[in-house]
Amino acid sequence: MSKESIDKNPLRGMRDFVPQDWIFRKKLMRVWEDAAEKSGFVRYETPIVEPLSLLERKSGEEISEQIYNFEDKSGRKIALRPEITPSMVRIVSSRPDAFPTQGKVYSIGQCFRYERASLGRKREHFQWNIDIVGEKNVVAEAYLIKTAVEAMEGLGFGADDYKVRVNSRQLVSDYLEKIDIVGELAKGVMGVMDKKDKISPEAFAEMLAEIGVTGEQTAEINNFMAAKSLEDLCQLGLKDSAGLKALEEFAAYCKALGIENNVVIDPAIVRGLAYYTGIVFEAFDTQGKYRAIFGGGRYDNLFEKLTGRPNFAVGLGFGDVVVEELHKEKYPDETTVPEADILLGGYSEEVREELLGVFSRLRACRFSADFDFKPANLGKFLTRANKRNAKVAAYIGEIESKQGQMLLKNLRSGEQQTVMLDDDGASAAIEQMLAAKSNGNCI
Ligand code: HAM
């Protein structure tokens, strides 16, 4: 590599998106927007840079250590957001009049985390956030998960492809209290519980021992984390736990919303972010190959902590990375070049004006038309039209030009015809070939 040449790769953990990536990306954005808006969520957007003080938490969470931060030219401490939640709290609190009373809000934006890049984990990702502000009852959690399930359905994933694993932080605290683990130690234990599926049972026991948990307590924590249902949890003596009651009520709402097959109870889910206070959940692919597809929970203290004014809140973040991998695996054929209705081209620059006239009429009719600037012979042009993923190739060769004609080829069926270029003959024939509905006046 010469001294002047650039490195053609993006920074480690960052992504470039080439045209064929946009087939899925456009679908994903549309599905996220539709799922949110059709269930009453309204959109907000905030900058990707925020004051470091808004984003960093002093509780020693992993996410605080992963922040990309820097000083701007005036010496302000600035950071690229690792998540959208603190910015959402900021905008909803600063502009309450701009948000309808129901408190259902959503956003789609890029987040940055200085993480070790691996399968499904990057240093930047786009995240769909849906949050419900101001609702105390767990109906909000069920409603939120229903919205995410609809997005998964919109992308072609059913209950067999993934499960939303649900737990309650309150339930975990109630259980830990039962086995004499409270206060700071309980917080530490939850931090270790969150890492359990990434480490060996021995390492898990060791990490617990290091923070002062006895062998007996570790065995009980393992028992708790292995529970598979609300009944199992009752058996562990948690019948009167407020956390268990909340989960029971939540399960009833899930049934009413028809998502009971998408959701499972899993006491091993605690979530890495410290701000959650109640129900927490994460959705995983059933093969167990990737990190979470989406995750969230109730965080009733964050508004007060950041703004001094309490407010109830539940929310989730749904990243683009894992779901894109899953989509590629399930629908490998959907990843091609974006489709065009038609590609127009000719043998020489002399027919450019005729071609542009047809192009313009097709665009006025809302067809997706593409224009090939480079003259070519028919064989070359058809190769390009196929590569361009056009449904119809429209070509003016030397002979067609002399006779005032245009050659049309349907690249899906192979059907071919020659049409007159006069008036609107060509665009009418193209429309017929595309079998599209016309409003009657367009051509
Ligand atoms: P989170 O679990 O940290 O939650 O992230 C949510 C989702 O973002 C993950 O499930 C994953 O899909 C995606 N994600 C996170 N980090 C990465 C990464 N390094 N590479 C690829 N994808 C990633 C939050 O961020 C919370 N703020 C969500 C929330 C909203 N809670 C309440 N409201």
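1. In this note a residue is called buried at under 20% relative accessible area, exposed at over 50%, and partly exposed in between (1.4 Å probe, protein chains only). Strands (E, at least two residues) and helices (H or I, at least four residues) are DSSP runs, numbered from the N terminus. The model is predicted: local features need pLDDT of at least 70 and side-chain atom pairs count only at pLDDT 80 or more, while totals for chains, interfaces and linings use all residues. Residues are numbered from 1 along each chain as its sequence is written, and side-chain values use heavy atoms, with hydrogens and water left out.

2. Strand β11 (residues 313-319) is largely enclosed by the rest of the structure, because seven of its seven residues are buried. In a regular strand the side chains alternate between the two faces of the sheet. Both faces of β11 are covered: one side carries the buried residues Ala 313, Gly 315, Gly 317 and Gly 319, and the other carries Val 314, Leu 316 and Phe 318, also buried.

3. Two strands are taken to pair if DSSP finds at least two bridges between them. Seven bridges join β11 to strand β6 (residues 124-133) in the antiparallel sense, with Asn 129 opposite Gly 317 of β11. Strand β10 (residues 294-298) also pairs with β11 in the antiparallel sense, over five bridges, and here Arg 298 stands opposite Val 314.

4. The strands β6, β10 and β11 each supply at least two residues of the shell around the ligand. Of the 26 residues around the ligand, Glu 83, Thr 85, Glu 115, Lys 122 and Tyr 276 come nearest. The shell divides into nine nonpolar, nine polar and eight charged residues, where Ala, Val, Leu, Ile, Met, Phe, Trp, Tyr, Cys and Pro count as nonpolar, Asp, Glu, Lys and Arg as charged, and the others, Gly among them, as polar.

5. A side-chain N or O atom of Thr 85 is 2.7 Å from a ligand nitrogen atom, and a backbone N or O atom of Lys 122 lies 2.7 Å from a ligand nitrogen atom. For the side chain of Asp 131, the distance from an N or O atom to a nitrogen atom of the ligand is 2.8 Å. The protein covers 98% of the 660 Å² of accessible area that the ligand has on its own (Shrake-Rupley method, 1.4 Å probe).

6. Strand β15 (residues 405-410) is likewise largely enclosed by the rest of the structure, since five of its six residues are buried. Strand β14 (residues 390-396) pairs with β15 in the antiparallel sense over four bridges, and Tyr 395 has Leu 407 of β15 as its bridge partner. Five bridges join β15 to the antiparallel strand β16 (residues 416-420), where Gln 417 is the bridge partner of Leu 408. The hairpin of β15 and β16 has five residues between the strands, and Gly 414 takes a positive phi near 90°.

7. Aromatic rings of Phe, Tyr and Trp (its six-membered ring) pair if their centres lie within 6.5 Å; planes under 30 degrees apart count as stacked, over 60 as edge-to-face and the rest as tilted. By this rule there are 17 aromatic pairs. Ring pairs link Trp 32, Trp 128, Phe 294 and Phe 318 into a cluster.

Key:
A residue is near a molecule or strand if one of its heavy atoms lies within 4 Å of it. A polar contact is a pair of N or O atoms within 3.5 Å; within protein, one must be able to donate a hydrogen and the other to accept it, and residues adjacent in sequence count only if both atoms are side-chain atoms.
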